[in-house]
Amino acid sequence: MNKIANIFFLFGVLIFASCKVDPRIVEPLPANNLVEVVPAGWPQPVYSFSVNTITEDKFVLGRALFYDPILSVDSTISCGSCHQQSAAFAHADHDLSHGIYDRVGIRNAPGIFNLNWHPNFMHDGGINHIEVMPLGPITNTLEMGADINPVIAKLQASSKYKNLFKKAFGTETVNSQNMLRAMAQFMGLMYSYNSKFDLYKRRESNAELSDAELRGYNLFLTNCNTCHKEPLFTDFSFRSNGLAVNPFINDTGRAHITGEAQDRFKFKTPSLRNIAKTAPYMHDGRFNTLQECLDHYANVKPNLVNLDPLLQNSGLPLSTQDKQDIIAFLNTLTDYKLLADRRFADPN
Amino acid sequence: MIFGFAIIDHQKLLKNYIMKAIIKFTTIALFLGFISCKKDTKEPEPTPEPTPVATTGSLKIQFDHLVGATPLVLNQNYVNPKLDTFKVTKLKYYISNIVITKNDNSTFVEPESYYLLDASNPVSTVLTLTNVPFASYKSISFMLGVDSARSASGAQTGALSQANGMYWNWSSGYVMFKLEGSSPQSGASNKSLVYHIGGYSGVNKTQRNYNLNFGSPTANVSSGTTPKVHLSVDINEFFKTPTLIDVATQYYQMAAGVNAKMYADNYADMFGFGYITN
């Protein structure tokens, strides 16, 4: 009798649970499943796969495209060339992006993770949606130098891709929408929320921060969190952080898109997640170490055009010890799970 | 006695009747229950359809490209409002969000209303609205360009595909209006004219809305007729009012901003109602 009652009870609970659970919120990420994740306490993402339902076949196609130089005009450069998993999908040891024919771009390749929360893309925010984001580097003459239609024609001529598109979208006919959605799916699923700091915040795996890391976290909250706001460690704003303008590039940043004088030399605030792995730093990769970055913020030259008001008084009041502690904290933001996740590795 | 017997007989009959009724009722109830359970998994029984009576038809809209009153032919010389000679080699633009208004002021809003018109492809300059309710229509409204919502909705297909050569990759958004050509007076070293007008949001957005009345006659959509509404597109309007374009200095535009807005203000009066063939 008891057994039967138990079974009934369980059955009722299961029905109740199946009604309650939002399938999008699964935490932590099951190792081998492809599901949308919204970690507890995070804002809702901008992009939710609602018109790009997650399937393994789309993911596999997106992964193949991401790592295939076929997307560049001379089939030499892939997305993965400048976005390496070991560097949190930034370009290790390259200040500026390195494109076709050894051309050098004007900006540093940023890390790729948690893209679903970004309202826009690129250091100048010129690209307005994750699905159209790959069009920027694919068509940039200093990066992959291609046009979308020749790329589609190359994919269409490949039996490998005809097969992958057929599996993912039910048709061998390649079009830009399907290509871009598969890529958005692959990149959108690159989540980073399992750093030591995240485990500490979630009280998981007995994660502890050392005294230096904790001091660094408190200093971060006082000095950095306004722009590099938790939990994404960016507020996605455009700001001038006081870097001297490189006269050889004269990159006006956000103003390149808006044409507004007030946006000159402003760049999108990058996330600090995985920052220990994404050197060199800043929009033009001018600093090689986090120490150099903090030295800059502790001594910002005044009167720079459009300098952010938060940095007006010679920057942030940081002692040598403070900087060391902040760096100790920043090192806790590395998500080794993402860096080692085989699903995102080069399939070749 | 007879009366009494009759009464007894009646009671028996009544009992019998009630019992039978209960059995019948239970059977029916069970049967109904069974059917209703079955119905959950079964499609509803098909009811014989009445012969369909069409209530909707089609309406065509043809965009006639002109320079002043002369039909535009690509690669042919014309004179613009500033009296400079010019020719058009390429003319492409988006028309979207078409709404037509009936005589009784109710409207038909075309769903998924996005078209890319290309002067080099005459088929693309005739739009066909389908599923249009039978009625007399007296006016049309539409947008030149792609609305801001769709401009920021990611990868698209059809007219809005990012592979149609009408999309900016480095600063996302559609080129709403593209005119290319040449002029001996052009300030460009190769005498070209290149106007790619875009920018989908904010004060410098370049979409423009039009509302054109048909006057008399109206466009009558019925079972027998597919009216064709001719609209005129005067390229000269692109070169004047409010700003008279001087191709010596204004020969190139390829980004959003205040200059793009200036050209958009010029094409805000580019469309006119022509005529209807019913």
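Visitor: Which residues of α2(A) are buried?

Guide: The general idea first: an α-helix has 3.6 residues a turn, so residues three or four places apart point the same way. In this predicted model, the buried residues of α2(A) are Lys58(A), Phe59(A) and the run Leu61(A), Gly62(A), Arg63(A), Ala64(A), Leu65(A) and Phe66(A). Because eight of the 11 residues of this helix (residues 56-66) are buried, α2 of chain A is largely enclosed by the rest of the structure.

Visitor: What covers the buried residues of α2(A)?

Guide: The cover includes four helices of chain A, namely α3 (79-82), α5 (148-156), α6 (159-169) and α7 (176-188).

Visitor: How is a helix of chain B to be read, and what covers the buried residues of α3(B)?

Guide: In α3 of chain B (residues 258-267), the buried residues are Ala260(B), Met262(B), Tyr263(B), Ala264(B), Asn266(B) and Tyr267(B). Their cover includes strands of chain B: β8 (135-144), β10 (173-182), β11 (192-198), β12 (208-213) and β15 (252-253). Chain B as a whole has three helices and 16 strands, and 44% of its 278 residues count as buried.

Visitor: How many bridges join β4 of chain B to β6(B)?

Guide: Five bridges join them, and the two strands run antiparallel, β4 spanning residues 85-102. At one of these positions, Tyr94(B) has Leu116(B) as its bridge partner.

Visitor: Which residues line the second largest cavity, and why does it lie between two domains?

Guide: The lining consists of Phe113(A), Asn114(A), His118(A), Leu232(A), Thr234(A), Phe236(A) and Ser271(A). Domain 1 (56-191) and domain 2 (196-336) of chain A both contribute to this lining, so the second largest cavity lies between them. Its space is about 30 Å³, and its lining divides into three nonpolar, four polar and no charged residues.

Visitor: How far apart are the C-alpha centres of the two domains of chain A?

Guide: The centres of domain 1 and domain 2 lie 27 Å apart. Their contact takes 26 residues from domain 1 and 23 residues from domain 2.

Visitor: Where is Asn194(A) found, and is it buried or exposed?

Guide: Asn194(A) is in the loop between α7 and α8 (196-202) of chain A. Its relative accessible area is 12%, so Asn194(A) is buried. Beyond residues up to four places away in sequence, Asn194(A) touches Leu199(A), Arg202(A), Asp335(A) and Lys337(A). Asn194(A) and Lys337(A) are 143 residues apart in sequence, yet 6.6 Å apart in space, C-alpha to C-alpha.

Visitor: Which backbone features deserve a second look?

Guide: Most residues other than glycine have a negative phi, and most peptide bonds are trans. The peptide bond from Glu230(A) to Pro231(A) is cis, with omega near -5°, and Pro231(A) is in the loop between α9 (211-223) and β1 (238-239) of chain A. In chain B, the bond from Ser216(B) to Pro217(B) is cis, with omega near 5°.

Visitor: What is the phi of Asn206(A), and what is that of Asn250(A)?

Guide: Asn206(A), which is not a glycine, has a positive phi of about 55°. Asn206(A) is exposed, with a relative accessible area of 73%. Asn250(A), also not a glycine, has a positive phi of about 45°, and is partly exposed at 43% relative accessible area.

Methods: Residues are numbered from 1 along each chain as its sequence is written. Chains are lettered from A and ligands numbered from 1 in the order in which they are written. This is a predicted model: local features need pLDDT of at least 70, side-chain atom pairs count only at pLDDT 80 or more; totals for chains, interfaces and linings use all residues. Side-chain values use heavy atoms; hydrogens and water are left out. Buried means under 20% relative accessible area, exposed over 50%, partly exposed in between (1.4 Å probe, protein chains only). Contact means heavy atoms within 4.5 Å. Two strands pair if DSSP finds at least two bridges between them. On a 1 Å grid over the protein atoms alone, a cavity is a set of points where a 1.4 Å probe fits but cannot get out, and a pocket is an open set with protein on both sides within 12 Å along at least five of seven lines; lining residues have an atom within 4 Å of a point. Grid points are joined across faces, edges and corners, and a volume is the space filled by probe spheres set on the points. Ala, Val, Leu, Ile, Met, Phe, Trp, Tyr, Cys and Pro count as nonpolar, Asp, Glu, Lys and Arg as charged, and the others, Gly among them, as polar. Domain bounds come from an automatic or database domain assignment.
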